[in-house]
Amino acid sequence: MKREIEKIISRVQKPARYTGGELNEVIKDKAKVDLRYAFCFPDTYEIGMSHLGMKILYSLINAREDAWCERVFAPAEDMEEQMRKNGIPLFALESGDYIKDFDAIGFTLQYELCYTNVLNMLDLAGLPVLSKDRTELTPIVMAGGACACNPEPIADFIDIFQLGDGEEMMNDVLDLLKECKAKGESKQDFLKKAAQIQGIYVPSLYKVSYNDDGTIKSVIPEGDAPEKVTKRIISDLDSVFYPDKFVVPFIDIVHDRTVTEIFRGCIRGCRFCQACFLNRPIREKSPDVINEDCKKICESSGYDEISLCSLSSSDYTKLPELLTKLLSWTTEEKINVALPSLRVDNFPQELIEKLNEVRRSGLTFAPEAGTQRLRDVINKNVTEEEVIETSKKAFKGGWTGVKLYFMSGLPTETKDDIKGIADLAQKVVDEYYKNPDKPKGKSVNVSVSVSSFVPKPFTPFQWEAQDTPEMLKEKQEFLKECVTTRKVSLHFHKIPISFLEGVFARGDRKLNEVILKAWQKGCKFDSWDDQLKIETWLETFKECGVDPAFYASRKRDFSEVLPWDHLDYGIRREFLQNENKKAYAGETTVHCREKCSACGAAKLNGGKCHAMRQD
Amino acid sequence: MRCVRIKFNKTGRVKYVSHLDVMRAMTRAVRRAKIPLWYTEGFNPHPYLNFLQPLPLGIEGFNEPLDIRIEGEIENREIKERLNGVLPEGFEIISVTEPYMKSNDIAFGEYEIIFEREPELPGLLEKAMSSGGLVCEKTGKVKGKKVIKEVNISENIKEYSIKEEDNAIILNVILPCGNTKNVNPVNLLSAVWGYIKKETVPVNIKRLRLTDINLMDFE
């Protein structure tokens, strides 16, 4: 560690966030690599180190002999203060070297409210935050992750965006960068060539023009840049690179365990859910490969917990086979297996028992809406009976609490739907007391977590108006009145956070100026309840002449050009429009295994979709 | 089930890893080394690891004791070799033996505080250490309320010496370290700075060994 860094870290909280040196970190000889890559997570160490995508790409880049990938996280406030006071630029954990001298800087964008942190990290690194002010080829600043599906609000800061799965695309980009660097080519040359790689979006090569009402008129590519940028996918999850080692942190982080993906995509098609549509078509990984991955990582890390990662995990077609394989060795080695994303309608008793063999973790279900009518609108094909039946099984299995997730502010929502949340929670409470074998003297706790609905790009609700903060507030107050028992505990997401998220999620390029100014005024860590300065944001919107409600609370017409229309995630716009109409008609759409709804994503995989696989 | 006493060094950047985090890192290392551990019997079985005298954050440790309980046949030498094969950089196992003393026998810790060379520092340090008037403030609790107590540190200094080397000035000091009385060298330093009205950031602080009441190595 550099002496100047060591001098300051003895003065900050949790210094081990900044020292590196964890088990399995990758150290290389910098003289022997052609490319140095700083993988930046725009939040604190504890959050970033929990992210699976970063673990995959870190190992993937480091598997190349010609590149060295290092980790960088957003320093906490006390560390930032010390760094700025002592003139220490942002450094990478492995080498302690300053990232401004690296060849590439990559950000992963997992939530919209990290944007000011991206700017802050570039600035801390000693780099200009605006892409046009960084005139040299290196460092190239790239970004990927869920929010890259509408990157327009930060298009001025990032040189290139990676859309979709990163495993192959990352190598293509690095190959090109290495070549351009060796030939002494300019940044402009690199950008033009990068735009030819499938999945790469170079925002500076697209010109956006607007109508008088502020909506988008057109997005025109320059030169050879493709009119539509199509996201990249990995076709075969069994053969794609997966790490056999995770960097094992010393300090306590959010998710500190072995993680493997069991499939990508989702068959369900809940109309609010962006993750479902962004990750289609569904691709499964086979039980043997998952089992081997888990074994290797547990062995190299010493972790005593495995988490199987996917959307709606119980839709994995070979779940019983996988669990049998895993439990054959995990039980003996005292390793706990967790399935974090289960649906209530297909959660078999047999599974509850299997998972119970080692240690017991929490049970969480997401009915999302309080009434059947609204659940039909959002296509969450779960019935009240199923929620009750599953709770009953869970209580029989020995659980004394369940968590229920809901959303408020969904399209067509009425007071009856809000009251339905309280009613459903009450019915779950009642179910506990009906259980003759319930543990003596133990009370039940039904934890109800209510978030505010944020319409997202590439979902059937991408045209919808988000409820205003006032409407959301009123609904929250009403729900509080509806809950009459202490056995139900209510938790709400903070409304200003959801509002700002709503603005950025469907924003256009006019937001770049707002984000830049708000950051200059000290906004950062906006996703943290205690750090969000909503007043400063509102003030900045006003100064820039940008109305946040235009983005969040305005219903769009199907004919409007949306800021992300030139990006192609495989899902047909007509499919989304049709789903939107069905939502208003209260009609559901069956899941992909029952009947294909022709969403369009299979074209990305040569027409293949595992939902239709008959084995 | 048998209990073994492990002695390890913790040096370099891992000195910034806190006690609780070292505990987790060691637990994982023992699992990776496939050492047959004894698990507690209960709803949530976990292995038994006991760090007898937690090391304060930012201080390097030498010969730090750690007791673990194992089940099954494995030689001490084998435990040492396997652990050294899997530990993160900065941790090293020095010995694995049966425990000879009880954890309550720990009475003192010997520290080495290293400074960059400054011409006046040795004299100032000597003046402060021999003054008998070193005090530091410590937050304590009286009847559940937080109060700031003044603690005399001078009367707790068992032994000390000041050495000058080519590139460094080294203050060697033996301080109480145990269940009943404990003085953190960082507190000693802040008392010294208060006394001589000058502050110098040390390059490093090391805890060289733990001892019993007669200054014999803790075994």
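Q: What stands opposite Gly109(B) in S9(B)?
A: Leu175(B) stands opposite Gly109(B). This is a predicted model, in which local features need pLDDT of at least 70, side-chain atom pairs count only at pLDDT 80 or more, and totals for chains, interfaces and linings use all residues. Residues are numbered from 1 along each chain as its sequence is written, and chains are lettered from A and ligands numbered from 1 in the order in which they are written.

Q: What makes strand S5 and strand S9 of chain B a pair?
A: Two strands pair if DSSP finds at least two bridges between them. S5 (residues 108-116) and S9 (residues 168-176) of chain B have nine bridges, in the antiparallel sense, so they count as paired.

Q: How do you know that S5(B) also pairs with strand S10 of chain B?
A: Seven antiparallel bridges link S5(B) to S10 (residues 204-211) of chain B. There, Ile114(B) stands opposite Asn204(B).

Q: Why is H15 of chain A called a helix, and how does its reach compare with the expected span?
A: Helices are DSSP runs of H or I with at least four residues, strands are runs of E with at least two, and both are numbered from the N terminus. H15(A) (residues 469-482) has 14 residues, so it qualifies. The expected span is 1.5 Å times one less than the number of residues; H15(A) reaches 20 Å from its first C-alpha to its last, close to the 20 Å expected.

Q: Which residues of H15(A) are buried, and what makes a residue buried?
A: A residue is buried if 20 or more other C-beta atoms, placed from the backbone, lie within 10 Å of its own, exposed if 12 or fewer, and partly exposed in between. In H15(A), Leu472(A), Lys475(A) and Leu479(A) are buried. They lie on the same side of H15(A) because they cover an arc of only 60 degrees around the axis, taken from the directions from the helix axis to the C-beta atoms. Glu470(A), Glu477(A), Lys480(A) and Glu481(A), on the other side, are exposed.

Q: What counts as a contact, and how many residues does each chain give?
A: Two residues are in contact if their C-beta atoms, placed from the backbone, lie within 7 Å. Chain B gives 18 residues and chain A gives 20. The side of chain B that touches chain A has nine nonpolar, three polar and six charged residues. Here Ala, Val, Leu, Ile, Met, Phe, Trp, Tyr, Cys and Pro count as nonpolar, Asp, Glu, Lys and Arg as charged, and the others, Gly among them, as polar.
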